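Subject: Structure handover, aromatic pairs

Hello,

Here is the structure you asked about.

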Amino acid sequence: TDHGMSEFGKAAVREMEKENILVDVSHLNDPGFADLLEVATKPFVATHSNARAICAHKRNLTDDMLRALADKGGVTGLNFSADFLVDDAHYTHVADLVRHARHIADVAGVETVALGSDFDGIGCELEFKDCAGMPMIEEGLSKAFTAREVDLITHGNALRVMKDNFGA
């Protein structure tokens, strides 16, 4: 819908934060995202969303959303599905993932980029086939990022957000 969060939804976010449950915005519409910004006190995540400036998929995040996510200390996990990477695409290339990662890092900081995959929801072919191809993604990222930044993207940023939420 085009509606934002209901009062029940806002109460649910407050309860989730109290119980140290990460809030995920990857399926939240734009008005809901705006409402979450008013309610959230902890970092939240977009577990499988990319940059809408590159690909117009409605579940990708705008540059303003990416900056807001960064301001809250959250991350977006790159979605590996071709239709989240390139308009009207049916094949996922590592270079397209890297392009989204670079854009997100440039807009919101490298601390905002993580890997999300969505392997269980992808209906396209992948250049790297499956999770066994993760070294291909790491190699692609290393062409656009430093070794430290690749470590942040592949695991460091996600671990930080979990620690920030779970207190571990």
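A residue counts as buried if its relative accessible area is under 20%, and as partly exposed between that and 50%. Please keep in mind that this is a predicted model.

A pair of aromatic rings is described by the distance of the centres and the angle of the planes. Rings pair if their centres lie within 6.5 Å, and planes over 60 degrees apart make the pair edge-to-face. The count by this rule is 3 aromatic pairs.

One of them joins Phe-33 and Phe-44: the ring centres are 5.8 Å apart and the planes stand at 80°, so this pair is edge-to-face. Phe-33 belongs to helix 2 (residues 30–39), while Phe-44 sits in the loop between helix 2 and strand 1 (45–46), so the pair ties together parts 11 residues apart in sequence. Phe-44 has a relative accessibility of 1% and therefore counts as buried. Phe-33 is buried too, at 3%.

Another edge-to-face pair is formed by Phe-80 and Phe-119, with 5.4 Å from centre to centre and 85° between the planes. Phe-80 is found in the loop between strand 2 (75–79) and helix 4 (82–85), and Phe-119 in the loop between strand 4 (113–117) and strand 5 (125–126), so this pair ties together parts that are 39 residues apart in sequence.

Together with Phe-128, Phe-80 and Phe-119 make up one aromatic cluster.

Regards

How values were computed. Residues are numbered from 1 along each chain as its sequence is written. This is a predicted model: local features need pLDDT of at least 70, side-chain atom pairs count only at pLDDT 80 or more; totals for chains, interfaces and linings use all residues. Side-chain values use heavy atoms; hydrogens and water are left out. Rings of Phe, Tyr and Trp (its six-membered ring) pair if their centres lie within 6.5 Å; planes under 30 degrees apart count as stacked, over 60 as edge-to-face and the rest as tilted. Helices (H or I, at least four residues) and strands (E, at least two) are DSSP runs, numbered from the N terminus. Buried means under 20% relative accessible area, exposed over 50%, partly exposed in between (1.4 Å probe, protein chains only).
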